[in-house]
Amino acid sequence: MKDIMKEFLEYTKEKYGYEIIPERTLAPDTFISLFGASFISQKDKDILFCEGLESNIVYANSCTKIGLMQTNVENFDETDDISLAA
Amino acid sequence: MKYTEDFYNLSHGTDVESARDICLNGFEIRGDATSWCGKGVYFYDMKSKAWWAANRKCEEIKQQKQIKVEPIIILSDIINIYKDDIFDLRAKNDLEQFETFVKEVLSEGAELKVSGITDDTERKILLRSMLISFYADKIKCKLVIGNFRQRPQPLYEHSIEFANSLDMIFGIETIYCVKDVSIISNVRLGGNR
């Protein structure tokens, strides 16, 4: 048995008083079976900006002179884990 | 500079006796696996929700101990908490990291039977809250945040239809589970209903 599983079994017993018994089965518990969805396998970029991910946005100001005017353009980079809706 | 968050006027519903103790001695981590995040101190984003929780607690005390107790709410703030100390169930990045962790725990291909629990729905409810709690402990996070749907009631059916027509969400509440009481500040009684 993996250490992390042993830790979890000890944790549930000590903190909550529940004894957990892992049983080999053809239908094991998975993240999806317990929580209903997977986030790691979700690849789409059409995700609205999520609260809490502000630190993953990097802003940079770019300045350029056009004719006699100076124009400021605000650029942003996104990290892999979030996207902005179009 | 590390990113920090502030949360003001978080509401906690309880009875008057417990409120006196909390104002004097501070909050204590309590609870069990029937709560979505296991042990912690739970706060709502709205006073009305905390009043509901306070009334429910007082009703339970009345039934168990046959004494009448008055409900009350306590307001608190959480200021300058690092983003890294928060497990945010609304943030995809946090959920991905949580999923990676849970997959490691479940990687041996077993069904986790809970001793004394035969109902599979109840088993999963317990496992979910204990996995969230275990993960929060492992990453030493101090605060877990989630958005929850209010329980569906016939009274709200039309409101839900109205909200759907506008692409709105009806009946969402944000709940905060504090895992480290040292982050709670400015504890005070919440005033009238």
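How many residues of chain B are in contact with chain A? In this predicted model, 35 residues of chain B are in contact with 36 residues of chain A. On chain B, the elements that each give two or more residues to this side are α3 (92–105), β5 (110–114) and α4 (120–138). The largest share comes from α3(B), with 10 residues. By type, the side of chain B that touches chain A divides into 14 nonpolar, 6 polar and 15 charged residues.

Strands also pair across the two chains. Strand β1 of chain A (residues 20–24) is joined to β5(B) by 5 bridges. The two strands run antiparallel. Within this pairing, A:E23 stands opposite B:E111 of β5(B).

Chain A itself contains 2 helices and 3 strands. Along the sequence they follow the pattern α-β-α-β-β. Of the 86 residues in chain A, 10% are buried. Contacts in chain A were also sorted by separation in sequence. Among those between residues at least 6 apart, 34% join residues at least 24 apart.

In chain B, helix α2 covers residues 47–65. Its length can be checked by simple reasoning. At 1.5 Å a residue, the 19 residues of α2(B) should span 27 Å, and the end C-alpha atoms are 26 Å apart, which agrees.

Which residues of α2(B) are buried? They are B:A50, B:A54 and B:C58. These three cover an arc of only 75 degrees around the axis, so they lie on the same side of α2(B). An α-helix has 3.6 residues a turn, so residues three or four places apart point the same way. The other side of α2(B) holds exposed residues: B:S48, B:R56, B:E60, B:Q63 and B:Q64. Just after the helix, B:Q66 takes a positive phi of about 60 degrees.

The largest nonpolar core has 52 residues. Which of them touch the most other members? They are B:L131, B:L143, B:V144, B:Y176 and B:V178. Helix α4(B) gives the most to this core, with 8 residues.

Leaving out residues up to four places away in sequence, B:L143 touches B:I78, B:I81, B:D85, B:I86, B:Y176, B:V178, B:K179 and B:I183. Two of these contacts, B:Y176 and B:V178, are also listed with B:L143 among the core residues that touch the most other members.

Conventions. Residues numbered from 1 in each chain as written. Chains lettered and ligands numbered in written order. Predicted model: local features only at pLDDT ≥ 70, side-chain atom pairs only at ≥ 80, totals over all residues. Contact = placed C-beta atoms within 7 Å. Helix = DSSP H or I, 4+ residues; strand = E, 2+ residues; numbered from the N terminus. Nonpolar A, V, L, I, M, F, W, Y, C, P; charged D, E, K, R; others polar. Pairing = 2+ DSSP bridges. Expected span 1.5 Å × (residues − 1). Buried ≥ 20, exposed ≤ 12 C-beta atoms within 10 Å, placed from the backbone. Arc of directions from axis to C-beta. Core = buried A, V, L, I, M, F, W, Y, C linked by C-beta atoms within 7 Å.
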